[in-house]
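Hi everyone, thanks for coming. Please take a look at the sequence and the model on the screen, and then I'll walk you through a few spots.

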Amino acid sequence: MSVTGREATGAPSSDDLALFTQRRAGPDELRVLRRRDWAAVGIVAAVLVGIALRFVSRGPLWLDEAQSLAIARRPLAHLAEALRHDGAPPLYYALLHGWVQLFGTSTFAVRSLSAIPAVLALPVIMRLGRRIGGDAVGIAAVVLLAVSPFAVRYAVEARMYSLLLLLGLLGAHAVLSVHRHRSWAATAGVAVVSAAMLYTHYYAVFVLTVVGAAELWLVWRRRDMASARVLLGIAVGAVAFFPWLPVFLYQSRHTGAPWASAPDANAILGTFDSWMGGARPAAQAAYLIALACVVLALIGRRGRRGEVVLQTRFALLPTKLLAVVVATLTLAIVVDGIGQQAYAPRYLSMGAGLFLVVVGCGIAVLPSRRARRTMLALLVVACLSVSLENAWQPRSEAHLVATVINAQARPGDLVVYCPDQLGPQTSRLLHTRARQVVFPNFARPHMIDWVDYRQRIKTADAQAFGAQVDRRAPNHHVWLVWSLQVKPLAKACAGLIDHLVASRGVPLQPVTRHPEYSETMSLNDYGPVKP
């Protein structure tokens, strides 16, 4: 290994001044798919296992999934009104509406929609990696995405995040094509992907802002007409979003995420950590290896004698790709911090695939075929172990609660959800004639109304709610589905439990919190009001 201040492959060409450019494919020792060897078998097996895991999940829908289904089951004409009370754009819900019309509303059917873009992303990332760094990068990127715990996790979740990941990769392809071909077809691709991203998740605004600002700088400093075409495509995509703008403005004023705190500077590395699998030991190992690969991608080069050359000058293409990802994360985190809005790494799923391409660039820098295969194998083993564990872990206890209520509740009984965020996923599993209400406003449990939610929970009165419950079902059982996981309502739900114990006595608890579930809940069975 050596250190130099010069590019090992010579000075950059003028084409490298573009935000993304096409790298010419050269001879590559990692073209294992063309060889009949065990590495090729391992690569194919890893990809096939990753595809299979995109259709495997345990347990019922959790809150966000059940909310998505409740919205998607509305008539298309009512979709905009339903989303005014949720806070999301409509594309995924419109797709899910058509999907459940064709395949039904079973848990597998609902989740399988997300598997489609998750599988389609695999050839897309392979092609993107090859365009950026050759066959070595393409193969590494597709294998990493195939076994990625993050990608597998959201491939089996009835949410828009696997679609968002696919759109991020397609967007990078579109920008590359504009810079290479300078064609109107490629510009139209940028416009279509930009509009689709905006209609899928509002955080697309951040990545489009970052890419647009970079392209604008190139237009101003270099008079780059390809960058002007990219800007035109982004502008057309933004104009296509205008019909939805009134709904978005209403949502921005009245909906939000009051259940989590605003992000801080640690959220950038935390997002990379989440993209590699999260807090499990194997995922942490994958995260550290991936960061090392990123460093190699930025400042590493393969020397003429096969050694790794560390440079003081950054490699242009991986650096630009990573800069877009980091700048997007930074912008989103700063805006969320100023607005005191909750942040989650999944909101920026469009960057997860791009990050893996950079990791693939780092693997390709390693000097020997054995070193590259070993590094890739370490990442595959670590990521695949986490993905398998995620596939085995059930999401929600809703089915345990629903089984007891279906078997034991009687007409006239009252099922109460505290907080209301336990209602959508549990109520869809019930076929009892018992009445169902949610805390704090006695609304129906099938869909949460997020409009002015923060103010609603601030004014929640557990004692007044409990007294009303006693008046509605004085001679019947009250089935309280509760959890203290949702911090803004934890104190209020504890107060409701105290009230029901005082008015009805100590309850039976047929379902208790099981920590192996990611969404836990308990069930209390209270008898009639004490005389």
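Let me start with a question: is E389 buried, partly exposed or exposed? E389 is partly exposed, because its relative accessible area is 43%, where buried means under 20%, exposed over 50% and partly exposed in between, with a 1.4 Å probe and protein chains only.

Before going on, a word on what you are looking at: this is a predicted model, where local features need pLDDT of at least 70, side-chain atom pairs count only at pLDDT 80 or more, and totals for chains, interfaces and linings use all residues. Residues are numbered from 1 along each chain as its sequence is written, and side-chain values use heavy atoms, with hydrogens and water left out.

Back to E389, then. It forms a salt bridge with R280, and the closest N and O atoms are 3.0 Å apart; by salt bridge I mean a side-chain nitrogen of Lys or Arg within 4 Å of a carboxyl oxygen of Asp or Glu. Helices here are DSSP runs of H or I with at least four residues, strands are runs of E with at least two, and both are numbered from the N terminus. R280 is partly exposed too, at 21%.

Now compare E157 and R395. E157 counts as buried at 1% relative accessibility, and R395 counts as buried at 5%. Salt bridges that share partners join R153, E157 and R395 into one network. The count of salt bridges comes to nine.

Next, the sheet. Five strands form an open sheet in the order β5-β4-β6-β8-β7, with mixed pairing; two strands pair if DSSP finds at least two bridges between them. The edge strands are β5 and β7, each pairing on one side only. Strands β7 and β8 run antiparallel and are joined by two bridges, and V511 stands opposite L523 in β8.

Last stop: A109, in helix α5. A109 counts as buried, at 5% relative accessibility. Leaving aside neighbours within four places in sequence, A109 is in contact (heavy atoms within 4.5 Å) with W99, F103 and G104.
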